[in-house]
Amino acid sequence: KNNADELFMDENEGYNTYNSVEPGETKPQSFLFTDRSIYRPGQTMYFKGIVIKKNSSTKKSEALSNFKTKIILRNANYQKSAELTVTTNEFGSYKGSFILPEGVLNGNFSLFDTATNAQQNFSVEEYKRPKFITEIEKPKGTYRLNDSIKVTGTAKGYAGNNIDGAKVKYR
């Protein structure tokens, strides 16, 4: 905690037997971050990792420099799609990027740190960016069930132009 900033860590860390540490043992732990949570196939995804070593008995942590690990990109079927070897700098961080594969099953992909078993999930989806925004005016007056109401609004392109003659669908 520093002034108004707080970092919340996983409180259940000690209950994870897969990453359990004997008392007094120092074990590296990494945290993976991606530049966004959803990508399109073929996009470059950038990631960063921070590696610390934490003494289980003293609960003290410090950045781990010159730590070498392998980062694996796993596809939606949990299969290895690519890998990259990285080494932490003097501040305990590393960075890298992957070009996401095209023509494969989209869905939940993940990054996996082989040395510390850290994992970060993200989505790869085929999506289209909206080309316009709609603004609907608030209804004036009160209405009851089965009343007819007139709804007015505008549709503007992100370039600022009005969209005219568009087909409107309501759901």
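1. Lys 80 is exposed, with a relative accessible area of 52%, where exposed means over 50%, buried means under 20% and partly exposed lies in between, computed with a 1.4 Å probe on protein chains only. The side chain of Lys 80 meets that of Glu 83 in a salt bridge, at 2.6 Å from N to O; the term stands for a side-chain nitrogen of Lys or Arg within 4 Å of a carboxyl oxygen of Asp or Glu.

2. Please keep in mind that this is a predicted model, in which local features need pLDDT of at least 70 and side-chain atom pairs count only at pLDDT 80 or more, while totals for chains, interfaces and linings use all residues. Residues are numbered from 1 along each chain as its sequence is written, and side-chain values use heavy atoms, with hydrogens and water left out.

3. Glu 83, which is partly exposed at a relative accessible area of 36%, also forms a salt bridge with Lys 70, their closest N and O atoms being 3.6 Å apart. Lys 70 lies in strand 5 (residues 68-74) and Glu 83 in strand 6 (residues 80-87), so this pair ties together parts that are 13 residues apart in sequence; strands (E, at least two residues) are DSSP runs, numbered from the N terminus. Lys 70 is itself partly exposed, at 32%.

4. The structure holds 4 salt bridges, and one of them joins the side chains of Lys 140 and Glu 137, at 3.8 Å from N to O. Lys 140 is exposed, with a relative accessible area of 65%, whereas Glu 137 counts as partly exposed at 45%.

5. Through salt bridges that share partners, Lys 70, Lys 80 and Glu 83 are joined into one network.

Technical notes:
Helix = DSSP H or I, 4+ residues; strand = E, 2+ residues; numbered from the N terminus.
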